[in-house]
Amino acid sequence: MSKENMIELRNLSFQYKDQKDGKALEKVNLTISKGEFVLVMGPSGAGKSTMAKCLNGLVPHFNRGEYSGEVIVNGFVVKDTPVSTMAKEIGLVFQDFESQLFSTNTKLEIAFGPENFQVPRDEIHSRILEMFDLVDLHGMENRQPSTLSGGQKQRLAIGSILSTYPKIVCMDEPTTDLDPLGKIGIFNIANKLHAAEDVTLIIIEHETEESLNADRLILMQEGKIILDGKPSDVLREVELMADLGIMPLQIPKYFLENFGTSKTELPLMPEEGIAKFKELGASLDEQQHQSLIQMDMDREKAYGDVLIEVSGLEHIYPNGNKALAGIDFSVRDGEFVALLGHNGSGKTTMVKHFNGLLMPTAGKVMVKGQNTKETSIFEVGQHVGYVFQNPDHQIFSDTVYEEVAFSPKIRGCDQEEIDIRVKEALAAVGMSGTEEEDPFSMTKGERQRIAVASVLSARPDVIILDEPTTGLDYREQRQMMELVKKLNRNGHTIIMITHTMWVVSEYAHKVAVIKDGKMMMYGTTREVFSHDEELAKSFLKTPDIVHMSNLLGKTVLSVDELKQCTKGV
Amino acid sequence: MEMFLYLDNDTFLHRLDPRTKMLVMLATFVVALMFYSLNTLLILSAVVLIYGLVGKTLSNLKRIRFILLMIFLFSVVLWSLTYGGEPKLLGPISLEGILYGIVIGIKFDIMIIAGMIFLSSTKVEEISLGLVKIKVPYRGAFAFATAIRMVPMIVATSYTISQAQRSRGLDLDSGNLVERAKKYIPLLIPTIISVIRGTNVFAMALESKGFGYSEDRTNYLQISIKKGDLLVIFMALVVIAISVYYRFII
Amino acid sequence: MKEIFSMWKDTKMVVLVALSAGIYAAVLIPFKGFVLIPGITEFRPASALPVVLGLLFGPAGAWGAAIGNLIGDFFGSLGIGSTFGFVGNFLFAYVPYKLWRNLGLVSKEDMEPNLKSSKQIIAYIVVSILGSAACALFIGWGLEILGMVPFAALASIITLNNSIPSIILGMPLLIVLYPRIKKWDLLWTDIIPEADVPAITAKSRTGAVVMVAFILVGLVGGLIAAVGGGQALLYSGFASTAGDALVGIIAGIGSIGVLVAGFMQ
């Protein structure tokens, strides 16, 4: 089968103007044919985004640097073609959807590209109708993009690119900032585009699980293509993926580690896993499983006093939106609770009551025995620290020291005490010795740590973390969560909002699921995660390994736990 | 305070050409500026309010009521203290001064209301297109429209940032003026950084959608001077003419 | 001066105009209720921004300050005076970055505004006061000839209201912002093509001196004439009325002179 080449990279190398170590891309050769759906994965800094920008000429026209080799897209030599001309051939969708919407009305947003290309008005009109259909935004005509949910915004951004009828669509981490429901919407569009045959689709993604639909999966590291093949083959390279810092699928990992199953035989999905499990004659050890449950119970008994007690909590925003409708909830000393639920479910509103940022419309919130209504955020903030989702929303100093010292300073500590606390907080997040560095020049993972340290320096009992792993790659996510686990072991109570299900299953002790301002499920992680179907109602999907164990009738939370419980062979 | 004023209704006012509405706004300024008579200003106020009522825009008055009230109160206070005049009521305060303050207060409030009505009934893209039609270069009009659109988003970001900093113990309400001013730094820096950080993606996304492909572009949105516009333009011009006649010729 | 027109070719500069304007307006609006002169001006911590935006983003910062102020006007000071506010706020950012380059306060090798030397700090203070004064002069003149507010009161209040935040808040802002903006390649001198960055020449240096002279002549001369004509400074000035012909002429010469001097740089 020889298809027309749509994209050709020949010996492409690029080094950014002020890049010191190595190159962003090094001698990359790649050919993509018309109609292919290619997925690109790799850790941060692997050169994925740079490669995407090379396709429409943002590199080297926009990001300057040293460029060699050649990129040919649909016959155009990209280096010699203006970006705005390339835009007709290839549409680029970015992770940050806020920065790629320019209009106050969804229809006009979709019209923007065709307007620039001087498409006749009637034609634009019909394209708008078509796009609302394609990206599934019916009923959103004439809405202001700013009033849409994250997932809808990203779909609109995709629609606004597709409306120029590009022959190639390239999406750079389109789902990273989205909740599970939002992610599904994007994958649906990808599948529709793929079915349309004449569109060539390239997606840069972290989500391993959704990669099976692609024609090809490319793994990158340090500016090079490491592996390029059929997704089902590439995904079986469990060890290679782990080495690269990409999360391997759990099912093949389990079979490889537990049974030493050969590469070609590795199952990928839970259902295949069950079949293989039975074929191998394995079973689950009841005693081992009971000991896991016993450990959960022992942990439960070891918790200390109630630190936060919420009763009948209701919150109605000034615009009349009822965000919380009667929540009863308590957190004891030493717990590690994960809050799940899609965006807009009310979970952030709920935790903002815990440190006094919001006051209940009805009901009450007691922190360490004190009603938050009768104290101030300054005082509650001593006990309950809050790490916001985006570290850039709180970092303002030009040295790490100043940033971490902000809280103790404002709380009147003397210099000696401040020094001690800064040192202690930085040690806790594994960033000792960075006092004089500039937080803004650090990676997102490091900035996230600094943000945690700057909350730790107030020595709170409880730490609230809002999506601490969003936007980090697998290795950074692991590091972040190991840090949170350590903080919990050292006596901090943790309340964490997240959408990343494997993080919850491997780290959280307890889980609360919020939907429409109500608490739908609450219990130990094992209990809650045993209910696949109920979780699905809140658009939550258990990690593969949990799902597989549920199908086998006993809930385990990680590959290691399943290995521990596996009997036979 | 919610700063995106546009109200998505379909009224006579909304359907008017943005250029017509700009002229009405300008006429309001001219008339308000020329007269110091309370009666004239009250008539002008009534006309402007009816105009706003036609577009169902007056619900936005409550969003800017604090500003309108402060401007009115300050006018009365400032002018009654400094105007002099007769008869003296208390210290430097005179009846004339108070009346003058009321006149000035109404004068400024009505100009702001006229601006509010314009923004409440005109889409950002219509403003941009209207500016292009009166020969403002497209890129300038785009920047202006984008800035208007960005304001509420920036305010929302700064609100999140202020929550993050208050969680860390920042208290904006204590200290003397200089200390308080300095407390805005933990808010201003992350706000500016967060907004400016998006510049590169913003510009890349623009070029990726063909911004700059050609000097000319299609306008999906269409504006045109229709019969209703002609009527309103005619009335605005008559009002300006009559005002000029009374103010300068009689 | 040609860069203020040629910059529009560059998408990044267009975006920076929009974002600068958005930030300026967003910080202006919440304080619109803190009225200083009803319908004219208010307590403005946002005044810290134009100088900083001008030094970092050059012409984009100047357009941003002008547009941002106009948007802010919709929330408390809209009117014919807004046209003068537009130009005045343009100057508030434009004058500082022009004088920074051309007045010789900082050496050619150390021109990027990092505020790391005492020389740069002094230069920053000087250009922010002159930028504030240029803005005050132009707006004061405009509203004087429109007969709205007496020059002596308005120009003195705006000068203070602009320069105090520019110095107290603007300096720490610039110190932290500069390295980030530099790192993201967003300094205006890094964005626009080298050929479009105006060279520092004898003519541009003369232009800078002329600019300072006109700012001082216009503002100080205007104030002297106004006080001579019976106006008083600051709030006492409201007891008099605007419309003094001599003040209008002197402040007018200063204002037009500043614009002309802008063309020389």
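Predicted model: local features only at pLDDT ≥ 70, side-chain atom pairs only at ≥ 80, totals over all residues.
**Entry 1: chain C as a whole**

I began with the secondary structure of chain C and found 11 helices and 2 strands. Along the sequence, the elements come in the order α-α-β-β-α-α-α-α-α-α-α-α-α. I then looked up the box along the principal axes, and the C-alpha atoms of chain C fill roughly 50 × 40 × 35 Å.

How much of chain C is buried? I found that buried residues make up 68% of its 265 residues.

**Entry 2: chain B as a whole**

Chain B has a radius of gyration of 22 Å, whereas a compact globule of 250 residues would have one near 18 Å. The C-alpha trace of chain B spans about 65 × 60 × 30 Å along its principal axes.

Of the 250 residues in chain B, 56% are buried. Chain B exposes about 11000 Å², and 68% of that comes from carbon and sulfur atoms. Among its contacts between residues at least 6 apart in sequence, 73% join residues at least 24 apart. I noted 25 positive and 16 negative side chains in chain B, the centres of the two sets lying 2 Å apart.

Next I took helix α3 of chain C, residues 49–57. I found 9 of its 9 residues buried, so α3(C) is largely enclosed by the rest of the structure. Among these buried residues are L49(C), P50(C), G54(C) and F57(C). After α3(C) comes G58(C), which has a positive phi near 55°.

In chain A I looked up helix α13, residues 347–354, and found it mostly covered, with 7 of its 8 residues buried. The buried ones include K347(A), K352(A), H353(A) and F354(A). G356(A) follows α13(A), and its phi is positive, near 85°.

**Entry 3: I161(B)**

I picked one residue of helix α7 of chain B (residues 138–167), namely I161(B). Is I161(B) buried or exposed? I161(B) has 0% relative accessibility and counts as buried. Leaving out residues up to four places away in sequence, I161(B) touches H393(A), P186(B), L187(B), P190(B), T191(B) and S194(B). I also looked up its distance to A141(B), which is 20 residues away along the chain, and the C-alpha atoms are separated by 30 Å.

**Entry 4: cysteines**

A disulfide is a covalent bond between the sulfur atoms of two cysteines. How many disulfides does the structure hold over all chains? I found 0. C54(A) is buried, at 0% relative accessibility. I looked up C135(C) as well, and it is buried with a relative accessible area of 2%.

Key. Residues numbered from 1 in each chain as written. Chains lettered and ligands numbered in written order. Heavy atoms only, no water. Helix = DSSP H or I, 4+ residues; strand = E, 2+ residues; numbered from the N terminus. Buried < 20%, exposed > 50% of the residue type's maximum accessible area, 1.4 Å probe, protein only. Disulfide = S-S within 2.5 Å. Contact = heavy atoms within 4.5 Å. Rg over C-alpha atoms; globule rule 2.2 N^0.38 Å. Areas by Shrake-Rupley, 256 points an atom, 1.4 Å probe, with all protein chains shown as cover. Lys, Arg positive; Asp, Glu negative; His and termini not counted. Charge placed at Lys NZ, Arg CZ, Asp CG, Glu CD.
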